[in-house]
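Good morning, everyone. Please look at the structure on the screen while I talk.

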Amino acid sequence: MLSTRQLRYFEALSRHRHFGRAAEECAVTQPALSMQIREMEEMLGVRLLERGRGGVRLTPVGEEAAGRAREVLAALTDMERTIRDRGRLLEGRLRLGVIPSIAPYLLPRLLPEMARRYPGVEIGLRESQTEHLVAELAHGDLDLVVLSLPVEHPALDTMALFEDRFLLAVPEASPAFRGPLASPDSILADDLLLLEDGHCFRNQALNVCRKVDEKRLRRFGASSLSTLVQLVANGQGITLLPQMFVSQEGGHIPRVRLLSFPDPVPTRTIGLVWRRTLPYREDVEALAAMVRACRPQP
């Protein structure tokens with residue numbers, strides 16, 4: 001029977017595609033890790049890897065094995081957590097992930113409320129892009145993630161929390177936008193400022209601006225909404241903002257005019273994501289209720 005040690009070593013190698021880096025993560029020597037992987041291949045009677053000078057490639061059956069190894073390791077993590085914390089998620093250490101376009105506007109209200117209601121919980125925060133958070137959640141490195149839905153992953157469950165509408169931010173003195181409403185068709189690629197690649201908010205903004213030619217977008221990409229707002233305020237272009245950001249700013253941003261969209265108003269769905277093997281439904285629902293109550297109100 002395969003050991004959990006072999007599964008951990010193989011799962012690390014499947015991510016790093018490099019024996020040295022995988023061994024360093026697992027705190028073992030490279031020969032020891034390599035020997036465990038070879039024993040795993042011999043036990044299964046298949047080749048999981050293609051070894052070469054450029055690193056490691058997984059065979060098709062190796063790719064499948066890596067996915068199943070992640071599921072097994074995540075399930076073991078959840079089993080240990082359930083027993084250790086006596087079936088409660090909001091006790092002990094809670095590893096929470098949040099995407100950058102939500103974290104600054106939700107956490108200042110959410111964290112004090114969680115501390116008040118659940119004084120025994122120790123929160124470990126991780127702010128990163130959706131792709132990284134979903135991978136870490138599936139691997140068992142995080143317990144819950146707050147992000148923008150949808151998320152399609154066979155090992156994860158999701159819960160929609162609320163809709164966050166989009167607004168168009170333009171320079172206050174812009175002659176191109178005189179009315180109170182914005183039209184997605186009036187947004188030009190040459191004017192549009194977006195977050196850098198990898199941020200889900202960038203893709204959501206592009207979905208709103210359906211007629212924008214992505215090839216004509218500026219190469220510049222900001223890493224925060226605050227940077228985009230400052231660029232707009234200084235007449236460098238226009239951008240889309242979530243209502244959460246605007247509400248956090250008190251509904252007014254100096255030298256920026258905020259335009260609403262006509263119905264149907266474009267929105268993003270903020271949701272909670274967790275592993276299917278995590279047996280904490282009551283605590284997940286309790287956290288969901290807190291997130292809804294603590295979001296910045298329009």
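Let's start with Q129. Q129 sits in the loop between β4 (121–127) and α6 (130–139). Helices (H or I, at least four residues) and strands (E, at least two) are DSSP runs, numbered from the N terminus. Skip the neighbours within four places in sequence, and Q129 is in contact with I99, P100, E196, D197, G198 and H199. Contact means heavy atoms within 4.5 Å.

A quick word on the source. This is a predicted model: local features need pLDDT of at least 70, side-chain atom pairs count only at pLDDT 80 or more, and totals for chains, interfaces and linings use all residues. Residues are numbered from 1 along each chain as its sequence is written, and side-chain values use heavy atoms, with hydrogens and water left out.

Next, L272. Which strand holds L272? Strand β9, residues 267–275. L272 is buried, with a relative accessible area of 0%. L272 and M159 lie 113 residues apart in sequence, yet 5.2 Å apart in space, C-alpha to C-alpha. M159 is also one of the contacts of L272 beyond four places in sequence, and others include L144, D157 and V284.

Finally, the cores. A nonpolar core is a set of buried Ala, Val, Leu, Ile, Met, Phe, Trp, Tyr and Cys residues joined through side-chain atoms within 4.5 Å. The largest has 79 residues, and L144, L168, I187, L192 and L240 touch the most other members. Strand β6 (residues 156–171) gives the largest share of this core, 9 residues. A second, separate core has 20 residues, including L48 and V56.

How values were computed. Buried < 20%, exposed > 50% of the residue type's maximum accessible area, 1.4 Å probe, protein only.
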